[in-house]
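Hi,

Here is the structure I promised to pass on. Have a look at it first, and my notes follow below.

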Amino acid sequence: MNIEKIDRWLLIVFIGLLIFGVFMINSVSTYESLILMIKSKGSDYCLPESGNNCNNFYFIRHIKHVLMALPLFFLALFIPIHSYRKIAPLLFVISLVLLFVLFIEGVGSDYGTARSWINVPILPSIQPSEVMKLAIIFYLAIWMEKKENEVRTFQQGFLPFVILLSVSLLPLALQPDFGSVLVIGLIAVSMFFVAGGNILHIITGGTIASLLAWPIILSHTYIRQRFLAFIDPENPALQDFAYHIKQSLITIGSGGVYGVGYNESGQKNGWLPEIQSDTIFAAAAEEMGFIRVIFLVLAFFIIAYRGFRVAERSNDRFSKLVATGITAWIVFQALINIAVTLSLIPPTGITLPFISYGGSSLTTIMFASGILLHISMNQEGSKFFYKRNRIKRSNYRPMRR
């Protein structure tokens with residue numbers, strides 16, 4: 001490991017986004033914090049996390065999350081990448097068990113329309129879907145490394161991949177948490193493609209998965225109504241479900257070119273739902289304006305370029321696949337969050353990496369970022385494009401019928 005070879009661009013962007021998130025939470029969460037105080041303790045009281053100021057509950061909690069995430073980030077910088085091979089199967093099993101534990105009455109906690117949190121007395125709340133994102137990256141990296149010569153085949157490559165992915169996504173679909181389903185699916189497909197998976201298999205599988213998703217979407221009334229509101233936001237019967245979409249676009253439009261200024265958002269005062277988490281990009285656009293918020297989008301494109309570049313330069317297949325999975329995780333989750341905010345895709349309820357409020361999301365994404373930087377310290381010389389591994393015909397023997 002050579003600390004001098006660390007990808008400085010990634011390091012700067014990761015820390016920069018983390019700092020930016022602290023400032024944004026401080027700005028946009030004041031109203032929601034105050035309302036929480038009033039509902040919880042009455043207008044004359046503050047929760048312990050707020051000290052003497054009743055409108056900074058989310059900000060103080062976010063600072064605590066940052067202080068938990070930073071040690072994990074720096075710890076990941078120095079843990080040898082191949083150490084994760086030993087714990088990957090156990091971590092995957094634990095993550096899967098936690099996802100099913102959510103359905104135990106009194107343990108799983110609802111957030112919005114999904115049962116996505118484990119709340120146990122004394123212990124901090126956990127969102128198992130965030131742990132699964134990291135666990136499946138490690139597990140798939142090990143599996144695809146072993147299947148180097150078979151990954152392009154249907155029986156030994158694609159079919160086992162689909163089964164493994166389906167088992168991982170089933171409890172998430174039952175919650176239902178389609179945002180996490182989409183992100184984990186994109187992570188897995190990205191890794192499968194880079195590992196040498198057959199493109200025709202990927203396209204066919206994606207088409208079938210999309211068709212199978214329709215009955216699930218239609219079976220949940222709330223999700224169906226939100227989807228219909230996305231298609232026809234002006235439908236009078238769907239105004240309650242279109243409110244989120246409309247307020248998000250109003251917030252972005254209110255910022256104009258130059259923005260209304262830091263801490264000057266008007267939409268944060270009860271108009272924009274989930275402003276400190278799912279829709280924080282809209283609040284940033286309102287306060288910063290188009291010219292400045294475009295740099296926020298650019299930051300994630302830098303992560304995409306530098307992250308996949310680190311993966312390409314990795315000196316072994318396991319590191320390459322892990323770096324690909326982590327980069328895909330950060331970039332696709334950010335793009336989905338921004339696309340939802342801009343009403344380009346139906347609402348999914350997913351956080352903006354490094355910036356949104358959420359302890360499980362922030363700690364896991366920071367730990368994963370540290371792993372990506374660790375891989376960058378062990379990369380080889382200059383390369384520019386992925387060379388997807390194909391079947392080594394000399395080693396591959398087709399199965400007998």
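Which residues do ring pairs link into a cluster? They are Phe 154, Phe 158, Phe 161 and Phe 192. For rings of Phe, Tyr and Trp (its six-membered ring), a pair needs centres within 6.5 Å; planes under 30 degrees apart are stacked, over 60 edge-to-face, and the rest tilted.

Before you go further, a word on the source: this is a predicted model, where local features need pLDDT of at least 70 and side-chain atom pairs count only at pLDDT 80 or more, while totals for chains, interfaces and linings use all residues. Residues are numbered from 1 along each chain as its sequence is written, and side-chain values use heavy atoms, with hydrogens and water left out.

Now the overall picture. The protein chain has 13 helices and two strands (DSSP runs numbered from the N terminus: H or I of at least four residues for helices, E of at least two for strands). It has 401 residues, and 50% of them count as buried, meaning under 20% relative accessible area, with exposed over 50% and partly exposed in between (1.4 Å probe, protein chains only). Taking contacts (heavy atoms within 4.5 Å) with a separation of 6 or more, 73% are between residues 24 or more positions apart.

Back to the rings: the count comes to 11 aromatic pairs. Phe 23 and Tyr 262 are edge-to-face, because their ring centres are 6.3 Å apart and their planes stand at 70°. Phe 23 sits in helix 1 (residues 8–28) and Tyr 262 in the loop between helix 10 (239–255) and helix 11 (280–313), so to speak a link between distant parts of the chain, 239 residues apart. Both partners are partly exposed: Phe 23 has 48% relative accessibility and Tyr 262 has 40%.Tyr 84 and Phe 367 make another edge-to-face pair, 6.3 Å centre to centre with 85° between the planes. Tyr 84 belongs to helix 4 (residues 84–101) and Phe 367 to helix 13 (residues 359–376), so this pair ties together parts 283 residues apart in sequence. Here Tyr 84 is buried at 4% relative accessible area, and Phe 367 is buried at 15%.

One helix contact to look at as well: the axes of helix 5 (residues 128–146) and helix 12 (residues 317–341) come within 9 Å and cross at roughly 150°. Axes here are lines fitted to C-alpha atoms over the stretch in contact, with angles from 0 to 180 degrees between N-to-C directions. Among the residues that meet are Leu 134, Ile 137 and Phe 138 in helix 5, and Phe 318, Leu 321 and Trp 329 in helix 12.

Cheers
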